[in-house]
Amino acid sequence: MGQTASSTPTALPEIALHVLKVSENSPADGLLEPFFDYLVGIQDGSGKQPGQEVPTPRELQNILERNQGREISLFVYNAKTQRVREVSLTPTSDWEPTDKAKASLLGTSVRVCNPALALENVWHILEVLESSPAEMAGLVPFGDWICGWAGGPLHGENSFYDLVEAHIDKPLRLYVYSADLE
């Protein structure tokens with residue numbers, strides 16, 4: 001299992017499978033990066049050309065079931081590097097999830113989206129007020145980006161404000177990318 005060289009895409013597909021979560025100890029653990037990776041193609045020995053067509057979530061499930069225990073190649077676009085890489089892994093249900101999720105063949109959660117529009121719903125931290133919840137959480141101005149929350153990606157500016165308001169005096173788990181720490 002591993003990765004091969006990456007390449008800069010000439011054009012991204014309008015639809016891709018956005019990786020939202022990768023379970024610890026799963027076949028995709030360490031190979032796929034939540035919020036930044038998008039499945040843009042698959043090579044499974046079916047004769048289709050790699051990257052020819054992005055599978056729907058149901059088609060992906062069927063491909064994984066047909067190839068359980070056999071290595072497949074995923075073609076993955078990363079929004080940070082803006083490159084496509086090939087990720088080889090073996091779908092299997094022979095792993096124990098550390099969370100309460102049901103073990104899937106890759107250990108990922110995905111959603112259908114347009115990768116070209118995905119970065120429109122990321123917020124750059126520009127200021128952190130002293131003694132605020134953001135400061136207590138360790139957010140860093142100009143270095144941190146909010147990519148989503150425990151419930152998934154954010155959809156538009158109002159959804160972020162609504163989310164924060166709904167969590168006043170309650171814990172809110174955000175997914176934050178630190179440019180300083182990668």
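This is a predicted model: local features need pLDDT of at least 70, side-chain atom pairs count only at pLDDT 80 or more; totals for chains, interfaces and linings use all residues.
Reader: Leaving aside its neighbours within four places in sequence, which residues is Cys 113 in contact with?

Author: Residues are numbered from 1 along each chain as its sequence is written, and side-chain values use heavy atoms, with hydrogens and water left out. Contact means heavy atoms within 4.5 Å. With neighbours within four places in sequence set aside, the partners of Cys 113 are Glu 14, Ile 15, Ala 16, His 18 and Tyr 38.

Reader: Where does UniProt place the feature "binding site"?

Author: UniProt positions follow the numbering used here, feature names are shortened, and annotations may be inferred rather than shown by experiment. The unreviewed entry puts this "binding site" at His 18 and Cys 113. They span 96 residues in sequence, yet no two of their C-alpha atoms are more than 6.4 Å apart, so they gather at one spot.

Reader: Is His 18 buried or exposed?

Author: Buried means under 20% relative accessible area, exposed over 50%, and partly exposed in between (1.4 Å probe, protein chains only). His 18 has a relative accessible area of 3%, so His 18 is buried.

Reader: In which strand is Cys 113?

Author: Helices (H or I, at least four residues) and strands (E, at least two) are DSSP runs, numbered from the N terminus. His 18 belongs to strand S2, residues 16-22. For Cys 113, the strand is S6, residues 108-113.
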